Amino acid sequence: MKTEWSQLDEYLVDRLLPPDPTLANALSANAAAGLPSIDVSPTQGKWLHILARLVRARRILEIGTLGGYSTIWLARAVADGGQVVTLEFSPDHARVARENIARAGLSHVVTVHVGRALETLPTLDADAKFDMIFIDADKRSNPDYLTWALKLSHPGTVIIVDNVVRDGAVLEASSSDPDVQGIRRLFDMLAAKPRLTATALQTVGSKGWDGFAIAIVN
Ligand code: SAH
Ligand code: DHB
Ligand code: MG
């Protein structure tokens, strides 16, 4: 199936995503620097971009930058004067991301904070709420990231979490994988919080079988 999913993604990219040298260069730079190719896929990146425009996001928070591929899609969605704040643990990933963001002409939009997100989140201005929050870092910390996302949200903020299916691994309630447990706790929290209206979608494509959770703050 994986081959067909990838072929179908190639078809969609061919129809819907015009050649984009900036994003192609970013992926090449990531590969040259040895970063893992765990960025969102092109169709997913554009989907995030459209969601950001739908909510007219002016301030976006991303947890998990990697080489800035999703960051660039998001930064292109904010209007003039908008901001993307992105948090990355690895100084090496952050350096590559800053270079990619600079080549994309988006350095004035994006701020990359380096360090463990649970250490950089408390340094953000608690009064400057975000319109959209994309959680895509270490999956075991998803429950903590959701708690932070709620603190940094206003009514109408959209919270999106990547990789909530993981080839179906999330079904295994007794899994010893802390990432699986982090995703399961995330779903428990999404279900329990009256402030959130949430759903999730499974995805297949060039990145395999996975999914996104999406929630809006009431
Ligand atoms: N959003 C990116 C992909 C992110 S991959 C894209 O789609 O293009 C996940 C990233 O989270 C990796 O770069 C990893 O180094 C980072 N990460 C892992 N643990 C982290 C933590 N505790 N704090 C911040 N970033 C973390
Ligand atoms: C992994 C992380 C991601 O953010 C992703 O999209 C895919 C895989 C990982 O850590 O394996
Ligand atoms: Mg991801």
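## Ligand 1

A residue is near a molecule or strand if one of its heavy atoms lies within 4 Å of that molecule or strand. In this predicted model, 21 residues are around ligand 1, and Val40, Gly64, Glu88, His93 and Asp136 come nearest.

Polar contacts are pairs of N or O atoms within 3.5 Å; within protein, one atom must be able to donate a hydrogen and the other to accept it, and residues adjacent in sequence count only if both atoms are side-chain atoms. A backbone N or O atom of valine 40 is 2.8 Å from an oxygen atom of ligand 1, and a backbone N or O atom of leucine 66 is 3.4 Å from an oxygen atom of ligand 1. Aspartate 138 places a polar side-chain atom 3.3 Å from a nitrogen atom of ligand 1. On its own, ligand 1 has 590 Å² of accessible area, and the protein covers 90% of this. Accessible areas come from the Shrake-Rupley method with a 1.4 Å probe; for residues, only the protein chains shown count as cover.

## Magnesium site and ligand 2

Asp136 (OD), Asp162 (OD) and Asn163 (OD1) coordinate the magnesium ion (ligand 3) at 2.0 to 2.2 Å. Donors here are N, O and S atoms within 2.8 Å of the metal (3.2 Å for Na, K and Ca); water is not among the atoms, so sites may look incomplete. The donor residues have the sequence spacing D-x25-D-N. Aspartate 136, in the loop between strand S4 (130-135) and helix H7 (142-151), and asparagine 163, in the loop between strand S5 (153-162) and helix H8 (178-192), are 27 residues apart, and the pair links distant parts of the chain. Helices (H or I, at least four residues) and strands (E, at least two) are DSSP runs, numbered from the N terminus. Aspartate 136 is buried at 14% relative accessibility, and asparagine 163 is buried with a relative accessible area of 14%. Buried means under 20% relative accessible area, exposed over 50%, and partly exposed in between (1.4 Å probe, protein chains only).

Ile38, Asp136, Lys139, Asp162, Asn163 and Arg166 surround ligand 2. Oxygen atoms of ligand 2 lie 3.0 Å from a polar backbone atom of isoleucine 38, 3.3 Å from a polar side-chain atom of aspartate 162 and 3.3 Å from an N or O atom in the side chain of arginine 166. The protein buries 66% of the 290 Å² that ligand 2 exposes when taken alone.

## Salt bridges

The structure holds 7 salt bridges, each defined as a side-chain nitrogen of Lys or Arg within 4 Å of a carboxyl oxygen of Asp or Glu. One of them joins arginine 76 and aspartate 20 (2.7 Å, N to O). Arginine 76 is in the loop between helix H4 (69-75) and strand S2 (83-88), and aspartate 20 in the loop between helix H1 (2-16) and helix H2 (21-32), so the pair ties together parts 56 residues apart in sequence.

Asp92, Arg95 and Glu99 are linked in a salt-bridge network. The closest N and O atoms are 2.7 Å apart for aspartate 92 and arginine 95, and 3.6 Å apart for arginine 95 and glutamate 99. Aspartate 92 and arginine 95 are 3 residues apart in helix H5 (residues 91-103), about one turn of the helix.

Residues are numbered from 1 along each chain as its sequence is written, and chains are lettered from A and ligands numbered from 1 in the order in which they are written. Local features need pLDDT of at least 70, side-chain atom pairs count only at pLDDT 80 or more, totals for chains, interfaces and linings use all residues, and side-chain values use heavy atoms, with hydrogens and water left out.
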